[in-house]
Structure formats: C-alpha cells, structure tokens
Amino acid sequence: MRLHHLLLALLFLVLSAGSGFTQGVRNHVTCRINRGFCVPIRCPGRTRQIGTCFGPRIKCCRSW
C-alpha cells in the first residue's frame, strides 16, 4: 500500500511540474524573461515561436 502512495505522489509531482511548461508566453514582459523577442512577422532564421506579444499578431520568438 505504501508503494501506491509513493507512485501517486510521484505522479502528482510530475504533472504539477509539467504544467508550468505548458503556459504560453502572452506579453512582451514574459517574452523577454524567456529570452525571446517580439516581431510582427514570421520568426526569422533559426528561431521558433514560443508565444505572442501585444496580442495574437505579434509573435514572441526565441532561438533554438
């Protein structure tokens, strides 16, 4: 029975820690904190979109 409690606690820990990584970047402040930059066009070169800035049309990009 102790093993079940340990596995349940481990599952809860993994799921709660992973939820922070699914939060999208939604403003220019969190974009900068996540080492990104805001552009009104597609993300250039070797960068990828990690969220948005100032609304859905401005993208937050970060290099790989």
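1. Helices (H or I, at least four residues) and strands (E, at least two) are DSSP runs, numbered from the N terminus. Two strands pair if DSSP finds at least two bridges between them. This is a predicted model: local features need pLDDT of at least 70, side-chain atom pairs count only at pLDDT 80 or more, and totals for chains, interfaces and linings use all residues. Residues are numbered from 1 along each chain as its sequence is written, and side-chain values use heavy atoms, with hydrogens and water left out.

2. The hairpin. S2 (residues 47-53) and S3 (residues 58-63) pair antiparallel over six bridges. Thr-52 has Lys-59 in S3 as its bridge partner. Four residues separate the two strands, and Phe-54 in the turn has a positive phi of about 55 degrees.

3. Disulfides (cysteine sulfur atoms within 2.5 Å). There are three. In sequence order of the bonded cysteines, the pairing is 1-5, 2-4, 3-6.

4. Cys-31 and Cys-60 are bonded, sulfurs 1.9 Å apart. This pair links helix H2 (residues 28-33) to strand S3, 29 residues apart.

5. Cys-38 bonds to Cys-53 at 2.2 Å, S to S. The link is left-handed, at -75 degrees about the S-S bond. Cys-38 is partly exposed at 28% relative accessibility; Cys-53 is buried at 0%. (Buried: under 20% relative accessible area; exposed: over 50%; partly exposed: in between; 1.4 Å probe, protein chains only.)

6. Cys-43 and Cys-61 form another disulfide, left-handed at -80 degrees. Both cysteines are buried.
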